[in-house]
Amino acid sequence: MSTMLGRLRESLAGQGVFHLLRWRLTSRQAVFTRIYDSATWGSAESGSGTGSELRATDNLREQLPGLLDRLGATSLLDAPCGDFNWMQHIDLPVEKYYGVDIVASVIAEDQRRYGDDRRSFAVGDLTEADLPHADVILCRDCLVHVSFADAALIIENFRRTGATWLLLNTYPEVERNRNQFTGSNWRQLNFGLPPFGFPEPVESMADGGDVDPSRLALWKLPDLPTVQPNGASR
Ligand SMILES: C[S@@+](CC[C@H](N)C(=O)[O-])C[C@H]1O[C@@H](n2cnc3c(N)ncnc32)[C@H](O)[C@@H]1O
């Protein structure tokens, strides 16, 4: 019974009319602002959640600068950047870092504490914002929180920036991707499966530590198929 209800919810989450209704009732920005205001993700260290704590990012913090170096990247778009909890500890080998998040209070604090000539932060909804061009886009722990429809919009918006590389965390052991409404809940996603159908990544590294082990995987953005929110990819 609960499986049937789950499937029904999942199917409704993919319907445009429900999406529109939900948007009218609670915008994406209101949803994520409330999460930070009420510390919903339950981490004493980071408002962005336990996955953004230092213990979850040991390997990532060690490996990311070397990866950007090897790619010859001079700019990075961190989308979304959250509260910059772990990223503040990395000496990034890029000339320009752009952090974007939908929560205005988080971005104001990021800009106040960490903004400088090289690092700038801006409020934006990744589904539709006019994003800056960067060589590499890092999208960590975000698509797991959003509906397939929103994930498709975000990936297409990334493609429009003309970036060469996309870094996303994926869960290769997941056998079927579930749809959900955008919000505080999350589920593991395997980007090799529908509705994403991404090819094998160029490379990947361990991410999440013991908190939530995943692979932070690298793809050439222009090589990725267009995601169909209804479950197919082309
Ligand atoms: C779990 S946090 C991860 C933050 C960061 N990537 C990290 O690794 O620490 C997810 C973030 O996604 C942001 N977010 C969710 N939907 C968004 C959207 N449509 N546009 C911009 N930011 C969004 C939330 O505000 C939140 O800061």
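How much accessible surface does the protein chain have, and what share of it belongs to carbon and sulfur atoms? In this predicted model, the accessible surface of the protein chain comes to about 11200 Å², and carbon and sulfur atoms account for 51% of that area. The chain has 234 residues, of which 49% are buried. Among the contacts with a separation of 6 or more, 65% are between residues 24 or more positions apart.

The protein chain contains 6 helices and 7 strands. Read from the N terminus, the order of these elements is α-α-α-α-β-β-α-β-β-α-β-β-β.

Strand 1 covers residues 75–78. Strand 1 pairs with strand 2 (residues 96–101) in the parallel sense, over 4 bridges. Within this pairing, Ser75 stands opposite Lys96 of strand 2. Strand 1 also pairs with strand 4, again in the parallel sense, over 3 bridges. Here the bridge partner of Leu76 is Val136 in strand 4. Side chains in a regular strand alternate between the two faces of the sheet. In strand 1, Ser75 and Leu77 point one way, whereas Leu76 and Asp78 point the other way. Residues on both sides of strand 1 are buried.

In soluble globular proteins, nonpolar side chains tend to be buried together. The largest nonpolar core of the model has 33 residues. Leu143, Phe158, Phe196 and Phe198 have the most contacts inside this core. At least two of its residues come from each of strand 4 (136–139), helix 6 (148–160), strand 5 (165–170) and strand 7 (214–220). Helix 6 supplies the largest share, with 6 residues. Leaving aside residues up to four places away in sequence, Phe158 touches Ala79, Leu126, Leu131, Ile137, Cys139, Ala163, Leu166 and Leu221. Another core, of 24 residues, lies apart from the largest one. Its members include Leu64, Ile90, Ile107 and Leu138.

The ligand is surrounded by 18 residues, the closest being Tyr36, Ser52, Pro80, Asp101 and Arg140. For Asp101, an N or O atom of the side chain is 2.7 Å from an oxygen atom of the ligand. The corresponding distance for the side chain of Arg140 is 2.8 Å. A polar side-chain atom of Trp86 lies 3.1 Å from a ligand oxygen atom. Taken alone, the ligand exposes 600 Å², and the protein buries 98% of that area.

Arg140 is located in the loop between strand 4 and helix 6. Is Arg140 buried or exposed? Arg140 counts as buried because its relative accessible area is 7%, which is under the 20% limit. Besides the ligand oxygen atom at 2.8 Å, the side chain of Arg140 reaches the backbone oxygen of Gly51 at 2.9 Å. The side chain of Arg140 also makes a polar contact with the side chain of Asp207, at 2.7 Å. Not counting residues up to four places away in sequence, Arg140 touches Gly51, Ser52, Ala56, Thr57, Leu60, Pro80, Trp86, Asn169, Asp207 and Gly208. Of these, Ser52 and Pro80 are also among the residues closest to the ligand.

Some backbone features remain to be described. Most residues other than glycine have a negative phi, and most peptide bonds are trans. The peptide bond from Ala79 to Pro80 is cis, with omega near 10 degrees. Pro80 lies in the loop between strand 1 and strand 2. A cis peptide bond also joins Pro194 and Pro195, with omega about 5 degrees. Pro195 belongs to the loop between strand 5 and strand 6 (203–207).

Ala39 lies in the loop between helix 3 (28–37) and helix 4 (58–71), and Phe84 in the loop between strand 1 and strand 2. Ala39 is classed as exposed because its relative accessible area is 51%, which is over the 50% limit. Phe84, in contrast, is buried, with a relative accessible area of 2%.

Definitions and conventions
Residues are numbered from 1 along each chain as its sequence is written. This is a predicted model: local features need pLDDT of at least 70, side-chain atom pairs count only at pLDDT 80 or more; totals for chains, interfaces and linings use all residues. Side-chain values use heavy atoms; hydrogens and water are left out. Buried means under 20% relative accessible area, exposed over 50%, partly exposed in between (1.4 Å probe, protein chains only). Contact means heavy atoms within 4.5 Å. Accessible areas come from the Shrake-Rupley method with a 1.4 Å probe; for residues, only the protein chains shown count as cover. A nonpolar core is a set of buried Ala, Val, Leu, Ile, Met, Phe, Trp, Tyr and Cys residues joined through side-chain atoms within 4.5 Å. A residue is near a molecule or strand if one of its heavy atoms lies within 4 Å of it. A polar contact is a pair of N or O atoms within 3.5 Å; within protein, one must be able to donate a hydrogen and the other to accept it, and residues adjacent in sequence count only if both atoms are side-chain atoms. Two strands pair if DSSP finds at least two bridges between them.
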